[in-house]
Amino acid sequence: EVLARNRSYHNNNVKLYELIRVYRDRGGQLPEERVILTLGAYGNTDFFAVKGAVESILRDFKVKDISFSANTEAYAYHPGRCADIWSGDKKIGIMGQIHPKVAENWNLGETYTAELDFYDMLENRRS
């Protein structure tokens with residue numbers, strides 16, 4: 001929504017971040033509260049620029065054993081331009097190009113985002 005608003009203001013090169021609380025359903029129990037670091041960019045950027053930003057953030061937070069693996073199943077992302085983000089064997093996030101149909105729905109054009117679970121980042125820091 002924030003990226004779409006910036007696009008509607010004719011801001012043609014945007015890179016934003018947000019730290020947000022999300023609540024995940026736990027099947028009849030109280031929802032689980034997580035804090036997510038979200039990055040979003042369009043304009044003068046691409047998949048590898050966003051990947052570099054993610055790697056820099058994880059390095060600065062001293063997150064250990066960082067790796068990426070292709071993800072073709074995430075419905076909101078372009079199937080050939082999406083990756084899961086790992087710290088060892090723990091998935092801590094996802095990143096990639098927003099699916100063209102989703103981007104079209106929001107009048108975004110080619111847009112890239114990343115979502116990192118802040119708690120998982122902190123739990124997977126080097127000593």
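Predicted model: local features only at pLDDT ≥ 70, side-chain atom pairs only at ≥ 80, totals over all residues.
Local features were taken at pLDDT of at least 70 and side-chain atom pairs only at pLDDT 80 or more, whereas totals for chains, interfaces and linings use all residues. Residues are numbered from 1 along each chain as its sequence is written, and side-chain values rest on heavy atoms, with hydrogens and water left out.

Six strands, in the order β1-β2-β6-β5-β4-β3, form an open sheet with antiparallel pairing; strands (E, at least two residues) and helices (H or I, at least four) are DSSP runs numbered from the N terminus, and two strands pair if DSSP finds at least two bridges between them. From one strand to the next the twist averages 20°. Seven bridges join β2 and β6 in the antiparallel sense, and leucine 39 has alanine 114 in β6 as its bridge partner. Helix α2 packs on the sheet, touching β2, β3, β4, β5 and β6, where contact means heavy atoms within 4.5 Å; its direction makes about 20° with that of β6, the axes being lines fitted to C-alpha atoms, for helices over the stretch in contact, and angles running from 0 to 180 degrees between N-to-C directions.

The largest nonpolar core has 19 residues, such a core being a set of buried Ala, Val, Leu, Ile, Met, Phe, Trp, Tyr and Cys residues joined through side-chain atoms within 4.5 Å, with buried meaning under 20% relative accessible area (1.4 Å probe, protein chains only). The largest share of this core, five residues, comes from α2.

Note on methods. Buried < 20%, exposed > 50% of the residue type's maximum accessible area, 1.4 Å probe, protein only.
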